[in-house]
Amino acid sequence: MKIFERKFSRLVVLACVGFACAGLACTARAAAPVPDKTVVLTFDDAVKTQYTFVAPLLEKLGFKATFYITHNWMEDKANFMSWEEVADLNRRGFEIGNHTWTHSGFQTPEKGPTLGAELQQVEEALAKVGVPKPVSFGWPGDNFGPEAIAQLQARGYKLARRGMQPEVDYGEIQVGPALDVKKNHPLLIPTTGDSYPGWTLEHFKKVVAQAKDGKIAVLQFHGVPDVAHPWVNTPPELLRSCMMYLKENGYRVIAMRDLAAYYDWAHLPDDPLLKERVATVFKKK
């Protein structure tokens with residue numbers, strides 16, 4: 001009996017270790033090397049066309065993606081998704097991330113501490129339709145600050161995407177910084193390409209070309225098209241061309257949550273931006 005108990009206890013311990021390593025905060029497993037041509041797809045704001053056009057396109061190509069959900073515009077049922085449609089994306093294997101309830105800026109000392117309550121509002125709404133608590137977050141408006149980062153940490157978020165700022169001015173059609181997991185903190189993952197009107201396939205190629213030598217290209221889209229917010233519109237045919245380019249050229253297209261495999265969670269980067277405040281200023285074009 002004692003021998004059986006010792007063996008059973010050892011099996012339980014091994015099982016618990018296995019489950020821990022399956023989580024995002026596993027510290028026992030070494031960080032995986034980053035393959036060249038690794039691209040992360042993200043889509044913000046729960047725009048309706050992400051459900052009607054984007055998701056079916058990505059499914060055909062076998063691509064993963066993260067959809068960052070905010071409630072802010074959901075009353076506009078013609079242009080934005082319902083919670084039930086968000087739940088359907090989750091069932092189909094896409095990642096659902098948190099994008100706050102009101103899509104406000106949380107970069108100030110006064111506003112930052114209120115982020116936790118907004119994260120919880122989205123989490124509770126998702127839970128009602130069977131979507132698990134998100135593990136990743138998209139900074140609304142690409143604004144961030146230390147107090148808000150502390151709220152993400154307190155609520156157990158592991159990954160968060162910022163914009164191209166401060167390296168590139170908000171709204172500029174430029175190549176942003178590629179993600180370097182040895183330099184960029186997982187709660188401040190930079191955007192390499194943010195799709196604005198005026199984007200072209202040639203510019204897109206320059207953006208994803210940064211996905212090499214241990215770096216990852218992180219892409220940020222909104223509606224395809226985006227009728228309600230035309231200043232962040234992406235034409236459907238442009239997205240189709242961009243996705244076909246990725247497919248035909250052997251890119252690995254993943255979701256934000258998949259980045260967890262590439263971080264050394266026991267030794268996270270001392271990113272100087274953890275102490276900074278970034279507030280974006282964008283003039284609608």
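1. His-203 and its contacts. In this predicted model, His-203 is in contact with Ile-173, Gln-174 and Val-175, leaving aside its neighbours within four places in sequence. His-203 lies in helix H6, which spans residues 201-208. Its relative accessible area is 10%, and it is therefore buried, the cut-off for that word being under 20%.

2. The protein as a whole. The protein contains 7 helices and 8 strands. It has 285 residues, of which 50% count as buried.

3. Strand E1. How many of the residues of E1 are buried? The count is 7 of the 7, so the strand is largely enclosed by the rest of the structure. E1 covers residues 38-44. Thr-38, Val-40, Thr-42 and Asp-44 point one way from E1, while Val-39, Leu-41 and Phe-43 point the other way. The student may compare this with a general rule: in a regular strand, side chains alternate between the two faces of the sheet.

4. The partners of E1. Which way does strand E7 run relative to E1, parallel or antiparallel? E7, residues 217-221, runs parallel to E1, and 5 bridges join the two strands. Strand E8, residues 252-254, also pairs with E1 in the parallel sense, over 3 bridges. A parallel pairing over 3 bridges likewise links E1 with E2. Individual residues can be followed across these pairings. Val-39 has Val-253 in E8 as its bridge partner. Phe-43 stands opposite Phe-221 in E7, and Phe-43 also stands opposite Phe-67 in E2.

5. Strand E2. This strand comprises residues 66-69. Thr-66 and Tyr-68 point to one side of E2, and Phe-67 and Ile-69 to the other. Each of these four residues is buried.

6. Helix H3. Which residues of H3 are buried? In this helix, residues 83-91, they are Trp-83, Glu-85, Val-86, Ala-87, Asp-88 and Leu-89. These buried residues pack against helix H2 (48-61), strand E2, strand E3 (95-98) and helix H4. After H3 comes Gly-93, with a positive phi near 100 degrees.

7. Helices H4 and H5. H4 consists of residues 115-128 and H5 of residues 146-154; their axes come within 8 Å and cross at roughly 40 degrees. The two helices are therefore oblique to each other, since an angle has to be under 35 degrees to count as roughly parallel. The crossing is right-handed. From H4, the residues Leu-115, Gly-116 and Leu-119 meet Ala-148, Gln-151 and Leu-152 of H5. Sorted by class, this contact has 4 nonpolar and 2 polar residues, and no charged residues.

8. Arg-162. This residue is found in the loop between strand E5 (159-161) and strand E6 (193-194). Is Arg-162 buried or exposed? Its relative accessibility is 0%, so Arg-162 counts as buried. With residues up to four places away in sequence not counted, Arg-162 touches Trp-139, Asp-142, Phe-144, Glu-167, Asn-184, Leu-188, Ile-189, Pro-190, Thr-191, Gln-220 and Leu-273. For one of these, Phe-144, a separation can be given: the C-alpha atoms of Arg-162 and Phe-144 are 7.7 Å apart, and the two residues are 18 residues apart along the chain.

9. Gly-171. The loop between E5 and E6 also holds Gly-171. The relative accessible area of Gly-171 is 3%, and the residue is therefore buried. Gly-171 and Asp-194 are 23 residues apart in sequence, while their C-alpha atoms are 8.1 Å apart in space.

Terms used. Residues numbered from 1 in each chain as written. Predicted model: local features only at pLDDT ≥ 70, side-chain atom pairs only at ≥ 80, totals over all residues. Heavy atoms only, no water. Buried < 20%, exposed > 50% of the residue type's maximum accessible area, 1.4 Å probe, protein only. Contact = heavy atoms within 4.5 Å. Axes fitted to C-alpha atoms, helices over the stretch in contact; angles between N-to-C directions. Parallel < 35°, antiparallel > 145°, perpendicular 65-115°, else oblique. Left-handed = near helix turned anticlockwise from the far one by under 90°. Nonpolar A, V, L, I, M, F, W, Y, C, P; charged D, E, K, R; others polar. Pairing = 2+ DSSP bridges.
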